[in-house]
Amino acid sequence: MSNPGDYSAVRRDIVAQLKKPDYDDGSAGPVFVRLAWHSAGTYDAESDTGGTNGAGMRYEAEGGDPANAGLQHGRAFLEPVKEKNPWITYSDLWTLAGVVAVEEMGGPKVAWKPGRTDLVDDSKVPPRGRLPDGAQGADHLRFIFYRMGFNDQEIVALAGGHNLGRCHMDRSGFEGPWVNNPTRFSNQFFKLLLKLEWKPRTLSNGVQQFNYVDPDADEDDEPLMMLPTDISLIIDPSFRPWVERYAEDKDLFFDHFAKVFAKLIELGIRRDEKGVIVNTDNVKGGYVSAAKKSNTATGPPKNEGGCPRAQGGCPRARL
């Protein structure tokens with residue numbers, strides 16, 4: 001068991017949880033990045049609600065949101081880390097896990113600061129419906145991300161997170177990986193988005209995505225996919241130039257991604273001149289580390305067709 005404040009020990013314990021031979025593509029890294037992103041993506045700048053302070057996914061109101069389907073695996077993978085470091089809050093653990101995962105998968109070093117507290121009940125859990133809908137287009141992306149305080153360049157940079165992981169029909173309703181190596185952080189997402197011919201395809205659940213049909217692929221090869229929101233990045237005249245720049249310059253993309261991901265995981269956080277968090281929950285309750293939860297993944301119920309029943313079937317895919 002580590003000493004309180006020993007974040008180097010926590011980082012080492014997170015790294016030890018990354019290799020998962022029986023999960024997805026053999027790594028928990030992509031789901032750790034998604035967990036950090038979803039814990040932050042509920043932020044609303046106008047009302048100053050949501051964001052990474054609180055770890056609301058510990059409660060059914062947020063954790064049971066179909067938008068968060070599959071993240072129960074990421075949370076469960078981090079329970080051994082929580083067990084060895086019981087002093088760390090879940091809100092710090094989840095965001096740090098995303099940062100460590102990006103770095104360990106070959107991505108840039110992302111600035112991270114501790115101090116988030118865990119909510120003591122679900123009264124401040126943000127309402128559902130604040131995360132992006134992958135079936136939509138450019139206007140929707142701006143509506144969602146402008147609400148959090150991001151601009152067009154930052155939207156495209158964050159979309160580069162699709163270099164990691166894959167979609168699952170029983171979670172988002174979409175199916176397949178974006179890139180050839182979904183456990184290695186790179187700018188391949190942008191290169192493939194521009195280079196390949198993406199054709200619309202309707203899945204067995206009625207959800208439409210875009211696939212690249214490789215004429216030389218073997219019968220068992222899994223086709224690459226893109227979401228409608230991904231395709232909107234090369235159609236929209238403001239988004240496309242950034243896609244082109246990131247496809248051409250990996251260093252530029254890494255620099256911009258590091259900055260915007262650091263901004264993302266600070267959403268909903270207010271710090272004083274010394275970097276100490278001054279959010280009301282932190283002031284009233286201090287650094288509250290919630291009790292450890294189960295190592296077993298539990299999540300939203302599913303239909304026979306593979307999608308969560310809530311909201312009438314397949315939920316919206318999340319960026």
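**Burial, rings and strands**

Reply: Trp 198 counts as buried, at 11% relative accessibility. Buried means under 20% relative accessible area, exposed over 50%, and partly exposed in between (1.4 Å probe, protein chains only). The model is predicted: local features need pLDDT of at least 70, side-chain atom pairs count only at pLDDT 80 or more, and totals for chains, interfaces and linings use all residues. Residues are numbered from 1 along each chain as its sequence is written, and side-chain values use heavy atoms, with hydrogens and water left out.

Me: Why is the pair of Trp 198 and Tyr 212 edge-to-face?

Reply: Rings of Phe, Tyr and Trp (its six-membered ring) pair if their centres lie within 6.5 Å; planes under 30 degrees apart are stacked, over 60 edge-to-face, the rest tilted. That rule gives 18 aromatic pairs. Trp 198 and Tyr 212 have ring centres 6.4 Å apart and planes at 65°, so they are edge-to-face. Tyr 212 is partly exposed, at 22%.

Me: Which strands form the open sheet, and in what order?

Reply: Strands of a sheet pair through backbone hydrogen bonds, either parallel or antiparallel. Strands are DSSP runs (E, at least two residues), numbered from the N terminus. Two of them pair if DSSP finds at least two bridges between them. Here the order is S3-S4-S5, with antiparallel pairing. S3 (199–202) and S5 (225–226) are the edge strands. S4 (residues 208–211) and S5 pair over two bridges. Asn 211 has Met 225 in S5 as its bridge partner.

Methods
Helices (H or I, at least four residues) and strands (E, at least two) are DSSP runs, numbered from the N terminus.
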